Amino acid sequence: MEQERSRSGGRRTRNVILEGSIVRALLTLSVPIILGNLLQAGYQLTDAFWVGRLGAAAVAAVAVGAPVTFLVIALGSGLAMAGAVLVAQYAGAGRQDMVDHVAGQTMTMVLITSVLLGTLGYLLAPDLLTLLGVACDVRAGALGFMRVSFVGIVFVFSYTMFQALMRGIGRTRLPLLIVLGTVLLNFALDPLFIFGWGPLRGAGVVGAASATLITQGLAAAIGLAILLRGRHGIHLRWEQLRPNPGYIRRAFLLGLPGSIDLSTRALGFIAMSLLVAGFGTQSTAVYGVGSTIIQVVTIPAAGLSMALSTLVGQNLGAGQAARAEKIARLSIIYGFGALSAWGIVAFATAPVLVAFFVPSDPQVVAAGTGFLRIMALTWGFIGIQYCIAAVLRASGQMIPAMTIALVYQWIVQLPIAYALSTQTSLKIYGVWWSFPISNMIAAFLALAWFARSKWNNARPNTEMRQIVIATPAMLSSERPLGGLMCADEGSREIAVGISAPMAPTPRCRDDDT
């Protein structure tokens, strides 16, 4: 009975995605994703809220540690993109056997990658902080925060993959419920772990990371259990988790541009942190608060882009290229409008927003208000970038999305930030002004690429590697994948059309961390 209800729900979701109102389809998928992402941001907001009570040095420790751990997460997240794109396209083509198989292999690949990257990051954390030139009053907290975060990367990867797989088949409400429960738990655990209570000693910044580690581990366990039970659109079996070297090798090549894309953004954050750190702890704290606010206000665009990726992927998988293009164009308009509205609100309420995170430091509030108001009115252009990147990835064009990210971070923003902050009288404000300038340039570049690209062509994209997955169920099926599948003589193949000057920093000891 439960499996029949699951199949019935899957048919209804597929009909919404492939037929009828585009606006309804966008809302059906994006609203739960946006709410889920808002709740997911609750981890960061809760940490930032309580850590802010510890002072600017604690805020700076999180601001330094977060981009480094995000870099490691980004390296593996690109690999998850390959599986998510294939799942969406197979779901659009009605190939449940391949949805399950790709989900299992991608989960295995992500788990292996997360263990390797988490271990490497944990061991290299002190060297990374030395490279960043972190001040001694920030280093101890940053090191503890980073190491606990690296331990939890396996859980972050696992649950992120669960969410991506659910989005790929159009099931967006279940991840929302899981995140709701774990964020509420994190909200309760944070003050206990940060400040202590009774016999429990407070651990400061490390306590915030530990609370997040526990709740993310719980979310990952729930997600894996759901996939193994097979009652919500994907049914993993233990034999599907056994590594298939052929698939993993080719999926790695498919996902590599996505990894470069995301890691480039993370490296850009680190480089900006390095540049900002040269202006002192206060500027680092302002950058940390501003970055957190940016992550929150871009959630609507991120949610829309995730829904867009599912819609475009499934419609291309079903051979409906014209509908996919209409969805893409409408979403770009919505993305620009949503973030422009957020920017106007942020501009008007900037002092209140910054004071929420660091209420006890008027200087940080004043400087953070200036940073926020300089960049807020150009957030609409970030929405354009999010949506166009989602369309390109959903159609399998990872390299264009990667190129846009490379240009944005390394050819536009960082050189502008460096030049304005070191070669003009603007100083740290030169870094702040690099944000609106680069947002607009990158958006126009993305629009030009979108207009010229043949992303909606249903034929196999020559940029993508072919992925060979030889399974009995697939070999016995002759159903085409919306023009995206071709056959060889012996197997089936899926061709997816789818350096800033720093003041010398005294050497710090890590003996007590």
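Contact here means heavy atoms within 4.5 Å of each other. Keep that in mind for what follows, since this is a predicted model.

Let's start with a helix pair. By that contact cut-off, α10 brings Ser283, Val286, Tyr287 and Ile294 to the meeting, and α17 answers with Ile428, Trp432 and Phe435.

How do the two helices sit against each other? Their axes are 12 Å apart, and the packing angle is about 15 degrees. Angles under 35 degrees count as roughly parallel, so α10 runs roughly parallel to α17. As for handedness, α10 passes α17 in a right-handed crossing.

Here's the pair at a glance:

| Helix | Residues | Residues in the contact |
|---|---|---|
| α10 | 281–297 | Ser283, Val286, Tyr287, Ile294 |
| α17 | 428–452 | Ile428, Trp432, Phe435 |

Now for the nonpolar cores. The largest one has 68 residues, and Phe162, Leu165, Leu227 and Ile234 have the most contacts inside it. Which elements give two or more residues to this core? They are α3 (56–93), α4 (96–132), α5 (136–151), α6 (153–168), α7 (173–195), α8 (205–229) and α9 (245–277). The largest share is from α3, with 16 residues.

Leaving aside residues up to four places away in sequence, Phe162 touches Met107, Leu174, Pro175, Ile178, Gly223, Ile226 and Leu227. Apart from this core lies another, of 37 residues, with Ala346, Ala350, Val364 and Ala376 among them.

How values were computed: Residues numbered from 1 in each chain as written. Predicted model: local features only at pLDDT ≥ 70, side-chain atom pairs only at ≥ 80, totals over all residues. Heavy atoms only, no water. Core = buried A, V, L, I, M, F, W, Y, C linked by side-chain atoms within 4.5 Å. Buried < 20%, exposed > 50% of the residue type's maximum accessible area, 1.4 Å probe, protein only. Helix = DSSP H or I, 4+ residues; strand = E, 2+ residues; numbered from the N terminus. Axes fitted to C-alpha atoms, helices over the stretch in contact; angles between N-to-C directions. Parallel < 35°, antiparallel > 145°, perpendicular 65-115°, else oblique. Left-handed = near helix turned anticlockwise from the far one by under 90°.
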